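Here is a walk through a two-chain model, taken one step at a time. Keep the sequence and the coordinates side by side as you read.

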Amino acid sequence: MHPAFSVIFLTTLIGVGQGLFLALVTGQVYSLANLLQPQDSIRFYAMGSALSLMFLVAGLLASFFHLGHPERAWRSAAKWRTSWLSREIIVLPLLMLFVALYGLVHYFGLTTPLFTIQGVISVDGSLILGVLGALAAFALYFCTAMIYASIKFIEEWHSPLTLINFTLFGLSSGFMLAAAFSAWSGVDLVGFYGTWAVIFTFAAGVSRWLSLRRNHNLVHKSTLQTAIGIRHNQIEQKSQGFMGGSFNTREFFHGASAGTVRLVYGFFLLAVFVLPVLLLGASYWLASPYLPVTAFVVQYLGLMAERWYFFVEAQHPQNLYYQSMA
Amino acid sequence: MTQMALVIDLNVCVGCHACVTSCKEWNTSGWAGPLTDHRPYDKDPTGTFFNRVQTFEVGEFPRTETVHFPKSCLHCEEPPCVPVCPTGASYKREDNGVVLVDYDKCIGCKYCSWACPYGMRELDEYQKVMKKCTLCIDRIANDTLPEAERKPACVLACPTSARLFGDVHDPDSEVSMAIREQGGYQLMPEWGTKPANHYLPRRKTRIQIFEDELERADNPLKKEAPLPAAEGETLDDVSF
Ligand code: SF4
Ligand code: SF4
């Protein structure tokens, strides 16, 4: 498949935004359970939500560049009963709303407990919004990944691993950003978020490795024989019906050389799984706020390469009809 | 229920592209148009088409066969391209089973094109909406046309009658009988899309001649003997 930059930006940016919001809510839940000291509402939670919202908005903007008619985008909420794309387009603004409200509640300090559960857990508005937002964030990971995983004949994508990868990559980059944000704003949570970021990065490494291996060994169901319905082992295409290419040759082939593909592959393995972990590790000793920030930036660039590779990996069966021109 | 469809006879198609050009002509100027072109008279011309004819060579020289393969939307009975459309722009008509795109609703997200295993949908680079074969819905559902012309433009144009058109749900239609009697098949049956369009396979034409047909046992010329004397007039002698 042809990797479109709008989609690469969309999926990676909202992944970070969702992950950061989940990190904030995790932090709040931990401090509620007295496992972490409580953080400043305005400086940490409100600013963190604003940052998460920025990523979500940037992702949404990127997605408009993918559309031929962005001015009609509102129509895309219509078929939520059948289309995962439609569902994603409904859940994304919903999550943005929760993130914004969560940030506002913290900003205006509306955190007086509304009620307590069994006299220990005091529930305030931010916690309710946080939990609702967290559910929306996970639902969004699911919807985004299902857009790809639900197409059964793009067999590289049609796997539960796609869902796991999208979620874990989003979580690792989001927690990475949370660590960077903590370091930058001088909050003592770099270790907490950093540890989770490393755990998620490691888990993502395992699941991505599994999917890379699966795709490497994949035997496609469709062949040129089933595509044109002629039972013969030797079939060679002589003409595609045109000389100058068509939508079919532009949209479904990546057009990159084998060397480029290998380069991007190596880069994403290094930049997603290795370098950020080393940089975070180094920040345990050198308490420099630049290290976690660099770790996040490097991993984000790596994730863009990973998403690019995700498209390049996918072999659409329609490509069988466009193998060669005499 | 009615399911209109094409049945394309690969045994007959000579790859002349008459269906391609007449499709383009009818549809670029009609309801489904325009089908825009880019650099039409330059190097690397490209553009939107509903129908293409590809060519494949089967076998190894000298035992090769050239197969011309017309390719357009198959109007699947379980079209995977329809449910994925977020706007409802892609739909399947209830009354005749034709799969269509509403250009006024389409946002050009291309998702449906990913969800067609056959690559039968093309995004129009100028109008930025998804386009595909309409089975000439503006002909086949147009009651003001004479009955004989209520057929897709490609079917009317085909000089060899390689393209049949009709209702594949009616067991007595020309297309159903052709599918049944001449081994009609579907493309990529493995995805359960149930394409309505069918293809008829290449068929070898062989004549079977038995020896006694070449050498008629009663052929009088075979006999090494003087020609039989006239035994009166035979029927051959009197009929003319
Ligand atoms: S051939 Fe492709 S575009 Fe046409 S109905 Fe089937 S899946 Fe949809
Ligand atoms: S490109 Fe148009 S028809 Fe296709 S899925 Fe998107 S909105 Fe629907």
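Read from the N terminus on, chain A runs α-α-α-β-β-α-α-α-α-β-α-α-α. That makes 10 helices and 3 strands. The model is predicted. Chain A holds 326 residues, and 55% of them count as buried. Its C-alpha trace spans about 75 × 45 × 35 Å along the principal axes. Now take the contacts in chain A with a separation of 6 or more. Residues 24 or more positions apart account for 79% of them.

Next comes the partner. Chain A and chain B bury about 4600 Å² between them. Carbon and sulfur atoms carry 59% of that area. The contact draws 59 residues from chain A and 52 residues from chain B. On the side of chain A, F153(A), F247(A) and Y321(A) lose the most area to chain B. Together these three make up 14% of what that side buries.

What polar links cross the interface? The rule finds 34 residue pairs in polar contact between chain A and chain B, with both residues at pLDDT 80 or more. The count of salt bridges between the two chains is 2. R250(A) forms a salt bridge with E125(B). The closest N and O atoms of that pair are 3.4 Å apart.

Which elements of chain A supply the side that touches chain B? Helix 3 (84-107), helix 4 (125-149), helix 7 (224-228), strand 3 (235-239) and helix 8 (247-251) each supply at least two residues. Strand 3 of chain A gives the most, with 5 residues. Sorted by class, the side of chain A that touches chain B has 26 nonpolar, 23 polar and 10 charged residues.

Now look at the packing. In soluble globular proteins, nonpolar side chains tend to be buried together. Here the largest nonpolar core has 150 residues. Those with the most contacts inside this core are Y148(A), W157(A), Y193(A), Y321(A), W114(B) and Y118(B). So which residues does W114(B) touch, not counting residues up to four places away in sequence? The list includes Y148(A) and W157(A). Also on it are M1(A), I151(A), F153(A), I154(A), F252(A) and F311(A). E251(A) and H316(A) complete the set.

Conventions: Residues are numbered from 1 along each chain as its sequence is written. Chains are lettered from A and ligands numbered from 1 in the order in which they are written. This is a predicted model: local features need pLDDT of at least 70, side-chain atom pairs count only at pLDDT 80 or more; totals for chains, interfaces and linings use all residues. Side-chain values use heavy atoms; hydrogens and water are left out. A nonpolar core is a set of buried Ala, Val, Leu, Ile, Met, Phe, Trp, Tyr and Cys residues joined through side-chain atoms within 4.5 Å. Buried means under 20% relative accessible area, exposed over 50%, partly exposed in between (1.4 Å probe, protein chains only). Contact means heavy atoms within 4.5 Å. Buried area is the accessible area (1.4 Å probe) that two parts lose on being put together, summed over both. A salt bridge is a side-chain nitrogen of Lys or Arg within 4 Å of a carboxyl oxygen of Asp or Glu. A polar contact is a pair of N or O atoms within 3.5 Å; within protein, one must be able to donate a hydrogen and the other to accept it, and residues adjacent in sequence count only if both atoms are side-chain atoms. Helices (H or I, at least four residues) and strands (E, at least two) are DSSP runs, numbered from the N terminus. Ala, Val, Leu, Ile, Met, Phe, Trp, Tyr, Cys and Pro count as nonpolar, Asp, Glu, Lys and Arg as charged, and the others, Gly among them, as polar.
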